[in-house]
Amino acid sequence: MEQKLLQINNISVVYSDVIQVLKGVSLSVEKGQIVSLLGSNGAGKTTTLKAISGLLKPENGMVTEGAIVYKGLPMHNKSPEEITRHGIIQVLEGRQPFKYLSIEENLRVGTATRAGKPYQEDLDKVYKYFPQLSNMRKKLAGYCSGGELQMLVIGRGLMAHPELLMLDEPSLGLAPILVREIFDIIRRINEDEGTTIILVEQNAKMALKIATYGYVMENGKIVMEGPAEEVRENPDIKEFYLGMSVSGDAKSYDEVKSYRRRKRWL
Amino acid sequence: MDFFMQLLIGGLSVGFVYGLSAMGFVMIFKSSSVLNFAHGELLALGGYFFLIFITIVKLPVILAFIFTLLACFITGILIERVFLRSLIGEKLIFVIMLTVGLAAMFKGLLLLIFGGNLYTYPDFLPAAMGIQLGVVQVPPVYVATFGIGIFFLVLFGLFFKFSSQGIYMRSVADNQRASLSLGVNVRRVFALSWAIAALVAGMSGVVLGIINGVNVHDLSALGLKVFPVIILGGLDSIGGAIVGGLIIGILETFTGGYISPSLRDVIPYIILVFILLVKPYGLFGLKEIERV
């Protein structure tokens with residue numbers, strides 16, 4: 001039995017004291033796993049990540065019920081400075097580079113959790129994972145392409161020595177070949193560094209390919225969970241997230257009718 | 001020609017002081033988007049700290065200057081701790097209004113303690129520090145101004161370019177959410193930017209005090225000069241603040257020397273309006289990098 005790294009028990013999240021976004025979400029992550037969190041827009045995936053990383057607070061959100069326990073320590077409603085120092089790093093959705101800083105300076109911001117310590121080795125490590133970045137250390141991030149930026153923000157997260165790395169839609173708006181490359185690197189980071197990863201994705205197919213365990217969210221609740229292969233084979237998932245008919249063939253566009261099949265978990 | 005050179009050098013030095021003081025203003029604006037209306041009062045505080053250290057405590061000049069900088073630095077941190085920290089997350093306009101209140105408070109305190117009199121520092125700069133440029137005699141004050149100013153400019157330039165803390169500060173100015181997600185201590189960055197701003201403002205206060213004497217009203221009014229300077233240079237550019245300061249300084253002295261001393265406070269604003277017609281973001285204002 002592996003040790004549970006992160007345990008979320010039945011949390012509810014409320015924004016601005018009135019808007020309830022999460023309604024009793026529970027999930028657990030074991031050390032060394034890649035857990036993927038799937039769901040459509042507005043399901044509460046990003047909010048779940050922000051509840052873990054503490055970024056809810058600056059947005060006026062709060063965990064009102066339940067508990068987030070990381071390595072046996074309560075983490076809910078702590079400040080992001082404190083949480084990141086425990087090794088939980090969230091890579092934000094939509095690639096948020098520091099536009100007016102160069103690539104290397106962007107990466108150096110990742111050392112904030114251990115300011116003053118040497119970082120040259122970490123830079124080399126990031127350049128090893130993302131060789132493209134090493135050719136343009138002095139380039140302003142604002143002028144980089146989407147793929148380069150995605151690599152940059154993952155690399156920036158790596159600079160912080162994360163034990164739990166939470167990636168929010170790393171495939172967003174990228175060409176399929178780049179998506180494959182990024183996912184490949186995510187898997188390598190997980191294998192080589194032993195970093196536990198929570199992967200929030202719309203691209204369910206890619207996410208379930210590299211994940212060991214999957215959760216599906218809808219309307220602020222977890223509606224399904226299981227080992228990745230099981231989730232992948234679930235007929236509902238196939239129908240609604242993977243775009244296949246029950247028989248397993250790729251579905252033709254004519255057949256796509258949202259009312260053909262009811263989501264059984266609703 | 002002598003007259004011209006004299007005005008030019010005078011203008012450059014005064015402008016340099018404006019630029020330095022504007023630099024402090026830009027620092028706060030860049031890191032937290034707050035317009036600091038108490039800037040003139042920070043200037044005055046610097047002037048009075050130096051006055052206290054040199055005439056009452058009777059420290060040697062160098063020590064008095066260092067203590068003044070320290071006192072300003074600490075004042076900056078205290079302002080952030082005591083007044084601004086509780087406003088984090090509130091609307092920006094509240095914070096800006098708070099700086100208006102701070103201005104009134106500091107001005108009132110200084111008036112209460114020192115009254116509205118004009119104080120002068122004892123003459124401590126050695127005459128030998130003056131430089132003879134052709135026929136023009138550059139007074140020691142101006143030489144000192146350039147020396148100190150360039151020293152701090154290089155110091156801060158290196159700090160922001162190379163040190164980790166400087167990079168964290170720039171990252172907060174750039175994208176606050178992302179720097180939070182990486183664990184940058186945003187409150188410390190704010191405190192530090194207020195401290196540095198108060199320090200450079202205090203430094204300019206001392207220099208202006210040497211040139212014009214120390215008076216609450218004069219110094220806090222000079223603080224308002226940062227507005228044309230930074231608007232000209234671009235609200236968020238430190239280099240722009242220096243260039244803007246130099247331009248305003250030169251315009252002022254030339255107007256004062258060639259046209260009429262009574263117009264020296266007016267002409268710069270008129271020219272400012274014309275420059276803004278052509279370059280609405282100021283000369284060095286940041287153009288948003290827009291990804292399409």
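## A parallel pair in chain A

Let's start with two strands: β6(A) and β7(A), the latter covering residues 164–168, run parallel and are joined by four bridges. Strands here are DSSP runs of E with at least two residues, helices are runs of H or I with at least four, and both are numbered from the N terminus. Across this pair, A:Val91 stands opposite A:Leu167 of β7(A).

This is a predicted model, where local features need pLDDT of at least 70 and side-chain atom pairs count only at pLDDT 80 or more, while totals for chains, interfaces and linings use all residues. Residues are numbered from 1 along each chain as its sequence is written, and chains are lettered from A and ligands numbered from 1 in the order in which they are written.

## The sheet around it

Zooming out, the open sheet of chain A has six strands in the order β6-β7-β8-β3-β9-β10, with mixed pairing; two strands pair if DSSP finds at least two bridges between them. At the edges sit β6 and β10 (221–227) of chain A, each pairing on one side only. On average, neighbouring strands are turned by 15° against each other, direction ignored.

Helix α6 of chain A (residues 146–158) packs on this sheet, touching β6 and β7 of chain A, and its direction makes about 170° with that of β6(A). For such angles, axes are lines fitted to C-alpha atoms, for helices over the stretch in contact, and the angles run from 0 to 180 degrees between N-to-C directions.

## Where the chains meet

Chain A puts 27 residues into the contact and chain B puts in 18 residues; a contact means C-beta atoms, placed from the backbone, within 7 Å. On the chain A side, α2 (80–85), β6 (88–91) and α3 (103–109) each supply at least two residues. The most comes from α2(A), with four residues.

## A helix in chain B

Over in chain B, helix α3 (residues 61–84) has 24 residues and reaches 33 Å from first C-alpha to last, close to the 34 Å expected at 1.5 Å a residue. That expected span is 1.5 Å times one less than the number of residues.

Buried residues of α3(B) include B:Phe65, B:Leu69, B:Cys72 and B:Ile79; buried means 20 or more other C-beta atoms within 10 Å of the residue's own, with C-beta atoms placed from the backbone. Among the elements covering the buried residues of α3(B) are α2 (39–56), α4 (92–114) and α8 (186–212) of chain B.

Terms used. Two residues are in contact if their C-beta atoms, placed from the backbone, lie within 7 Å. A residue is buried if 20 or more other C-beta atoms lie within 10 Å of its own, exposed if 12 or fewer, and partly exposed in between; C-beta atoms are placed from the backbone.
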